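This report sets out selected features of the structure shown below.

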Amino acid sequence: MNKTAKKIPADALREVEITDMVAEGKCLVRHNNMVIFVTGVAPGDVVDLRVTKAKKNFLEAVPTRFHKYSELRVEPFCQHFGTCGGCKWQHIGYDTQLKYKQQQVEDTLQRIGKVALPEIPQILPSAERTYYRNKLEFTFSHNGWITNEQIQSGEEFDRRVLGFHTPARFDKIIDVEHCWLQPEPSNSIRLAIRDYTRDNDLPFNDLVKQTGFLRNLIIRTANTTGDLMVIVQCYYRHDALEPLLDYVYEKFPQITSLNYVINDKGNETFHDLEVTCYKGEPYIHEEMEGLRFCVGPKSFYQTNSEGAYNLYKLTRDFAQLTGNELVYDLYTGAGTIANFVARQAKHVVGVEYVVSAVKDAYLNSEINGIKNTEFYAGDMKDVLSAEFIAQHGRPDVVITDPPRAGMHPDVVARLLEMRAPRIVYVSCNPATQARDLELLDEAYKVTRVQPVDMFPHTHHVENVVALELK
């Protein structure tokens with residue numbers, strides 16, 4: 001612990017009032033010019049704190065006693081709140097959540113971006129506040145996390161679980177009885193698989209040793225079509241795999257795509273592995289404005305389908321397309337945005353790192369009869385070369401929707417060289433977006449900003465920015 005932290009008397013952090021909420025859902029307290037980030041609280045709470053981590057410029061702490069609860073608090077609706085690693089803002093009313101997400105976007109763009117900004121309108125709320133996700137991943141564990149309440153009950157609990165990680169613990173999984181994030185039959189499928197694998201004594205995952213048979217379960221639901229995909233991921237082949245899959249398919253005949261993956265790697269990603277379609281089709285379908293999108297096991301698709309539609313409409317609006325534009329869609333994924341805007345553009349060129357996603361993008365163009373798109377796979381900073389631009393033409397509009405890490409500096413440099421008249425920057429991380437905007441400020445001015453909430457009860461926020469050449 002650093003010297004500043006050691007100087008704080010043991011009783012100095014008692015009856016402290018939480019003052020604000022900041023990035024990543026943490027709350028803020030200041031003590032003698034020392035910034036303290038606190039989890040598990042709300043602005044207005046009065047608490048005693050215990051320091052858990054000390055850095056040079058800040059401390060991290062957790063509450064040990066509540067003297068007063070904030071008026072901003074509401075009763076969490078999930079029985080797993082506080083133990084599960086998701087939905088950490090359930091104890092705060094939705095209007096308050098939106099207020100702090102708005103504040104997060106404004107503060108981040110001003111503090112990190114340091115660029116001139118237009119007036120930022122109010123954040124667009126999510127239409128659905130529960131059951132809004134179309135994809136969830138659950139992890140098997142042979143040694144599930146037992147809560148204090150369970151320990152104190154004196155009961156025996158089956159430690160073979162299928163659920164979510166506890167906060168900041170890769171090796172601890174809590175058993176989930178009901179999750180409010182994904183509509184049925186998600187909960188029913190998960191519980192049926194958990195009970196079947198327990199009853200048949202199938203080996204569950206040991207996350208530390210990376211042994212066992214059952215690794216994880218992925219469920220994808222398509223609200224617009226009713227399609228349903230299930231993916232079971234295992235460490236190795238086992239005689240029990242096909243009987244398990246047969247049981248799932250018989251019990252849930254509404255499954256339209258049943259798949260499995262054999263993965264003995266050190267991580268659960270399977271973009272480089274074969275996915276076997278055991279029953280049904282290898283895709284499910286989503287629909288949007290008359291377009292039909294194939295979503296495969298490896299496809300990226302915005303996890304809030306209705307929110308994605310609103311986000312894409314906003315992106316298209318910011319792009320100001322007239323039908324004559326050449327559009328570059330960077331980080332195109334399965335070509336969802338590219339195909340969504342293609343009818344309003346002359347030509348769309350999509351670039352994406354994942355090869356299988358590019359195949360999906362071409363397929364999505366084909367099934368919708370879209371002929372003015374083309375897609376390329378590779379590392380963005382390598383593909384987007386001077387030769388590539390010379391071959392395809394200087395774009396009139398660039399749409400970029402990078403991952404949380406934002407754009408590589410080489411990609412930003414290429415955008416500055418291209419000098420496209422307009423850029424629309426879609427971001428799931430305002431901090432890295434602000435960093436990139438500061439770099440683009442050399443040639444571009446920000447003309448529009450619109451925060452969008454797609455993940456209620458979490459700190460995550462999307463933000464769309466329009467830029468024009470100065």
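## The largest cavity

The largest cavity has a volume of about 40 Å³, and a search of the whole structure finds 1 cavity of 30 Å³ or more. A cavity is a set of points, on a 1 Å grid over the protein atoms alone, where a 1.4 Å probe fits but cannot get out; lining residues have an atom within 4 Å of a point. Grid points are joined across faces, edges and corners, and the volume is the space filled by probe spheres set on the points. The lining consists of Asn 134, Arg 220, Thr 221, Ile 284, Glu 286, Val 295 and Tyr 301. Strand 10 and strand 14 (284–288) are the elements that give two or more residues to this lining. Helices (H or I, at least four residues) and strands (E, at least two) are DSSP runs, numbered from the N terminus.

The model is predicted: local features need pLDDT of at least 70 and side-chain atom pairs count only at pLDDT 80 or more, whereas totals for chains, interfaces and linings use all residues. Residues are numbered from 1 along each chain as its sequence is written, and side-chain values use heavy atoms, with hydrogens and water left out.

## Strand 11 and its partners

Two strands are said to pair if DSSP finds at least two bridges between them. Within this pair, Arg 220 has Met 229 of strand 11 as its bridge partner. The two strands form a hairpin with 6 residues between them, and Gly 226 in the turn has a positive phi of about 85°. Strand 11 also runs parallel to strand 12 (residues 257–262), to which 6 bridges join it; here the bridge partner of Cys 234 is Ile 262.

How many residues of strand 11 are buried? The strand is mostly covered, with 7 of its 7 residues buried, where buried means under 20% relative accessible area, exposed over 50% and partly exposed in between (1.4 Å probe, protein chains only). In a regular strand the side chains alternate between the two faces of the sheet. In strand 11, Leu 228, Val 230, Val 232 and Cys 234 point one way, while Met 229, Ile 231 and Gln 233 point the other way.

## Helix 4

Helix 4 (residues 186–199) has 14 residues and reaches 20 Å from its first C-alpha to its last, close to the 20 Å expected at 1.5 Å a residue. The expected span is 1.5 Å times one less than the number of residues. Because 10 of its 14 residues are buried, helix 4 is largely enclosed by the rest of the structure. Its buried residues include Ile 189, Ala 192, Ile 193 and Tyr 196, and also Arg 190, Arg 194 and Arg 198.

The buried residues of helix 4 pack against several elements, among them strand 10 (214–221), strand 11 (228–234) and helix 5 (241–251). Just after helix 4, Asp 201 takes a positive phi of about 50°.

An open sheet of 7 strands has the order 18-17-16-19-20-22-21, with mixed pairing. Strand 18 (373–377) and strand 21 (444–452) stand at the edges, each with a single partner strand, so one side of each is left without a neighbour in the sheet. The twist averages 15° from one strand to the next.

Strand 19 (residues 397–400) and strand 20 (residues 422–427) pair in the parallel sense over 4 bridges, and Val 398 has Ile 423 in strand 20 as its bridge partner. Helix 12 (residues 430–440) packs on the sheet, touching strand 20, strand 21 and strand 22 (462–469), and its direction makes about 160° with that of strand 20. Such angles run from 0 to 180 degrees between N-to-C directions, with axes fitted to C-alpha atoms, for helices over the stretch in contact.

Asp 436 is found in helix 12 and counts as buried at 0% relative accessibility. Leaving aside neighbours within four places in sequence, Asp 436 is in contact (heavy atoms within 4.5 Å) with Gly 406, Met 407, Val 412 and Tyr 425.

Thr 373 lies in strand 18 and is buried, with a relative accessible area of 9%. Beyond its neighbours within four places in sequence, its contacts include Ala 338, Asn 339 and His 347. Asn 339, in helix 7 (residues 336–341), is buried with a relative accessible area of 0%.

Notes:
On a 1 Å grid over the protein atoms alone, a cavity is a set of points where a 1.4 Å probe fits but cannot get out, and a pocket is an open set with protein on both sides within 12 Å along at least five of seven lines; lining residues have an atom within 4 Å of a point.
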